[in-house]
Amino acid sequence: MSPRKVYMSHGDDDIQSPERLEFEKLLEKYDYSFKRGDIIQGTVITVDSHGALVDVGGKTAAYLPNKEAANPYTPAAQVVKPNEILEFFILVEEDEDGKLTLSLRRVQSARNWQTLEKLKEDESPVDCKVTSVVKGGLLVEVLGLRGFIPSSHLRLKQPLDNIVDEVIKAKIITLDKLRNNIILSHRKMVSEQMAEQRKDLFSQLQEGTKVKGEVVRLTDFGAFIDLGGVDGLLPLSQMSWRWVEHPSDILKIGDSLEVEVIGIDKDRQRVSLSIKGQNNDPWTEVGNKFSYGDSVEGTITRLKHFGGFVEIYPGVEALLPSRDIVEYEGRNSTKLEPGHKVTTFITRFSPQERRVSLSFIKPNSNLAQAFTSPELQQP
């Protein structure tokens with residue numbers, strides 16, 4: 001702190017006098033400004049049953065009550081000794097008599113707040129020990145202080161019930177010392193880490209390459225696979241050659257699997273994946289199994305307003321038009337449902353176009369020439 005300077009006038013002469021120098025030294029000795037929350041150095045003068053008096057360079061000795069020595073139940077005499085030089089936290093600013101109230105036990109806490117302020121300024125992560133799971137997030141201990149990580153700021157792979165006593169890294173987003181309020185974000189730290197990993201990963205990814213990944217999220221339209229910094233989308237249509245109603249039918253969160261990269265959008269940082277290629281394409285096999293006009297048995301997999309899909313070979317679905325379904329149900333007084341097995345005839349066979357049509361009526365060989373070109377028919 002800069003000493004207070006006083007200038008004394010001697011007519012037109014501005015030369016310092018011995019009296020003036022002595023006066024400035026005296027002012028400098030008592031030139032101080034103490035504020036609540038500051039950490040200052042002081043020398044213990046005396047210790048009694050109520051606390052201790054400390055010389056901090058003020059007008060009067062500062063006071064250290066027993067409850068602020070180490071904890072409310074430890075007398076100051078067991079913690080400090082006369083002539084000992086220590087650092088103290090200013091708990092209460094000067095009263096009417098110019099006396100400060102000090103705390104010794106809060107020095108480390110104040111130091112920790114300073115450290116947290118620096119970490120927040122530098123946007124550096126901090127270690128957080130999870131103390132409990134509460135509604136809306138996690139309570140954590142950070143540098144001996146209590147903090148809170150909201151659920152919306154979590155990005156954890158393990159269940160919250162198993163996270164107590166674990167140490168996770170997070171970034172400080174709110175720091176209010178007066179309200180003793182510390183809000184942290186685990187998601188922000190993970191997102192920034194992933195952003196760096198994304199740059200490296202996108203520089204290495206190529207269409208057609210196979211990479212290891214972990215299932216991190218399931219949706220109605222597919223599954224998101226963590227590739228190590230990038231979440232790629234595995235659509236329903238790329239999970240199997242067979243019809244998949246929902247990803248949970250064949251996958252669960254935490255599954256590790258090998259996926260093939262089938263699309264990369266670097267501008268939007270999106271990756272499309274597939275696992276269908278792990279099995280042979282059934283459409284390349286079905287051409288040698290069936291031909292136009294064959295009788296085939298299959299299982300109804302799903303029904304739409306325009307017809308039903310019948311699996312006639314593992315991974316190959318053929319369309320049975322709604323008119324055929326209506327006629328069949330009328331003749332047999334029954335209702336066709338998914339899972340029912342039916343025997344039909346192939347009325348259109350085009351494995352190259354991945355299309356097969358069925359009917360309950362065997363097609364006329366002459367009509368076959370009108371609906372199916374010779375090159376698409378199998379001998």
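Which residues of H2 are buried? In this predicted model, local features require a pLDDT of at least 70 and side-chain atom pairs count only at pLDDT 80 or more, whereas totals for chains, interfaces and linings use all residues. Residues are numbered from 1 along each chain as its sequence is written, and side-chain values rest on heavy atoms, with hydrogens and water left out.

In H2, the buried residues are Val 107, Ala 110, Asn 112, Trp 113, Leu 116 and Leu 119. Buried here means under 20% relative accessible area, exposed means over 50%, and partly exposed lies in between, with a 1.4 Å probe and protein chains only. Helices (H or I, at least four residues) and strands (E, at least two) are DSSP runs numbered from the N terminus. Helix H2 covers residues 107–122, which makes 16 residues, and spans 23 Å from its first C-alpha to its last, close to the 22 Å expected at 1.5 Å a residue. That expected span is 1.5 Å times one less than the number of residues in the helix. Just after H2, Glu 123 adopts a positive phi of about 55 degrees.

Another positive phi, near 85 degrees, belongs to Gly 57 in the hairpin of S2 and S3, where six residues lie between the strands. Strand S2 (residues 51–55) runs antiparallel to S3 and is joined to S3 by four bridges; strands pair if DSSP finds at least two bridges between them. Within this pairing, Gly 51 stands opposite Pro 65 in S3. The loop between strand S3 (62–65) and strand S4 (85–92) contains Thr 74. Thr 74 is buried, with a relative accessible area of 18%. Beyond its neighbours within four places in sequence, Thr 74 is in contact (heavy atoms within 4.5 Å) with Asn 66, Ala 69 and Val 79.

Strand S7 (residues 137–142) holds Val 140, which counts as buried at 1% relative accessibility. Val 140 and Lys 129 are eleven residues apart in sequence, yet their C-alpha atoms are 5.2 Å apart in space. Residues up to four places away in sequence aside, the residues that Val 140 touches include Lys 129, Phe 148 and Leu 184.

Arg 302 lies in strand S16 (residues 295–304) and is buried, with a relative accessible area of 15%. What does the side chain of Arg 302 make a polar contact with? The partner is the side chain of Glu 317, at 2.9 Å. A polar contact is a pair of N or O atoms within 3.5 Å; within protein, one must be able to donate a hydrogen and the other to accept it, and residues adjacent in sequence count only if both atoms are side-chain atoms. Arg 302 also lies over the face of Trp 243, at 3.6 Å from the ring centre, and over the face of Phe 309, at 4.0 Å from the ring centre. A charge sits over a ring if NZ of Lys or CZ of Arg is within 6 Å of the ring centre and within 35 degrees of the ring normal.

The structure holds three aromatic pairs. The rings of Phe 306 and Phe 309 have centres 6.0 Å apart and planes at 90 degrees, so this pair is edge-to-face. Rings of Phe, Tyr and Trp (its six-membered ring) pair if their centres lie within 6.5 Å; planes under 30 degrees apart count as stacked, over 60 as edge-to-face and the rest as tilted. Phe 306 is partly exposed, with a relative accessible area of 40%, whereas Phe 309 counts as buried at 16% relative accessibility. Tyr 328 and Phe 360 form a stacked pair, 4.2 Å centre to centre with 15 degrees between the planes. Tyr 328 lies in helix H5 (residues 322–332) and Phe 360 in the loop between strand S20 (355–359) and helix H6 (365–371), so the pair ties together parts that are 32 residues apart in sequence.
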